Amino acid sequence: MSGASSLYTRIADFETTSPYQGFYKAEMMLQLALVQLKTHEEWSAALSLRRAYLIIDENMERYPDFIPQNKTLGLLHLLIGSVP
């Protein structure tokens with residue numbers, strides 16, 4: 001996990017004016033949630049999904065014309081909306 005945390009730190013060093021910072025953070029949280037689901041850590045996965053959603057939602061407000069984040073937001077809507 002240390003490799004992932006160092007990558008997360010590197011992403012935090014991006015310029016705050018870059019839409020890629022929030023996009024990459026949300027992508028990492030989404031990937032982490034999928035791994036947690038695979039390893040039967042449902043509660044941790046739910047928290048990671050929520051965190052990814054909050055990050056990408058904030059990024060959408062800041063940079064509404066940044067196209068790549070639409071994929072992440074759509075996937076999160078699908079995952080969150082399919083839970084009973």
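1. Accessible areas come from the Shrake-Rupley method with a 1.4 Å probe. On that basis the protein exposes about 5,700 Å², of which carbon and sulfur atoms supply 62%. The structure under review is a predicted model, and the remarks below should be read with that in mind.

2. Overall architecture. The protein has 4 helices and 0 strands, and its elements follow the pattern α-α-α-α when read along the sequence. Of its 84 residues, 32% count as buried. Where contacts join residues at least 6 apart in sequence, 50% of them link residues at least 24 apart.

3. Packing of H2 against H4. Two packed helices are described by the angle between their axes and the distance between the axes. For helix H2 (residues 19-38) and helix H4 (residues 69-81), the axes come within 10 Å and cross at roughly 35 degrees. The crossing of H2 past H4 is left-handed. On the H2 side, the residues in contact are Phe23, Ala26, Glu27, Leu30 and Leu34; on the H4 side they are Gln69, Lys71, Thr72, Leu75, Leu76 and Leu79. Sorted by class, this contact comprises 7 nonpolar, 2 polar and 2 charged residues.

4. Ile56 as a buried site. Ile56 belongs to helix H3 (residues 42-62). Its relative accessible area is 0%, and therefore the residue is buried, the limit for that class being under 20%. Leaving aside residues up to four places away in sequence, Ile56 touches Phe23, Ala26, Gln69, Thr72, Leu73 and Leu76. Among these, Phe23 and Ala26 also take part on the H2 side of the contact with H4, while Gln69, Thr72 and Leu76 take part on the H4 side. The C-alpha atoms of Ile56 and Ala26 are separated by 5.7 Å, although the two residues lie 30 apart along the chain.

5. Aromatic pairs. The count of aromatic pairs comes to 4. One of them joins Phe23 and Tyr24, with 5.6 Å from centre to centre and 45 degrees between the planes, a tilted arrangement. The two partners fall into separate accessibility classes: Phe23 counts as buried at 10% relative accessibility, whereas Tyr24 is partly exposed at 33%. A further pair is formed by Phe23 and Phe66; it is edge-to-face because the ring planes stand at 80 degrees, with the centres 5.7 Å apart, and the class begins over 60 degrees. This pair links distant parts of the chain, since Phe23 sits in helix H2 and Phe66 in the loop between H3 and H4, 43 residues apart. Both Phe23 and Phe66 are buried.

6. The aromatic cluster. Which residues form one aromatic cluster? The members are Tyr20, Phe23, Tyr24 and Phe66. Within this group, Phe23 is a partner in the tilted pair with Tyr24 and in the edge-to-face pair with Phe66. Phe23 is also among the residues of H2 that meet H4, and Phe23 is touched by Ile56. A reader inspecting the model may wish to view these relations together.

7. Between Ile80 and Tyr53, 27 residues apart along the chain, the C-alpha separation is 9.2 Å.

8. Backbone at His40. Most residues other than glycine have a negative phi. His40 has a phi near 60 degrees, a positive value in a residue other than glycine. The residue is placed in the loop between H2 and H3. Is His40 buried or exposed? His40 is exposed, because its relative accessible area is 62% and the exposed class covers values over 50%.

Notes. Residues are numbered from 1 along each chain as its sequence is written. This is a predicted model: local features need pLDDT of at least 70, side-chain atom pairs count only at pLDDT 80 or more; totals for chains, interfaces and linings use all residues. Side-chain values use heavy atoms; hydrogens and water are left out. Axes are lines fitted to C-alpha atoms, for helices over the stretch in contact, and angles run from 0 to 180 degrees between N-to-C directions. Helices (H or I, at least four residues) and strands (E, at least two) are DSSP runs, numbered from the N terminus. A crossing is left-handed if the near helix is turned anticlockwise from the far one by less than a right angle, and right-handed if clockwise. Contact means heavy atoms within 4.5 Å. Ala, Val, Leu, Ile, Met, Phe, Trp, Tyr, Cys and Pro count as nonpolar, Asp, Glu, Lys and Arg as charged, and the others, Gly among them, as polar. Buried means under 20% relative accessible area, exposed over 50%, partly exposed in between (1.4 Å probe, protein chains only). Rings of Phe, Tyr and Trp (its six-membered ring) pair if their centres lie within 6.5 Å; planes under 30 degrees apart count as stacked, over 60 as edge-to-face and the rest as tilted.
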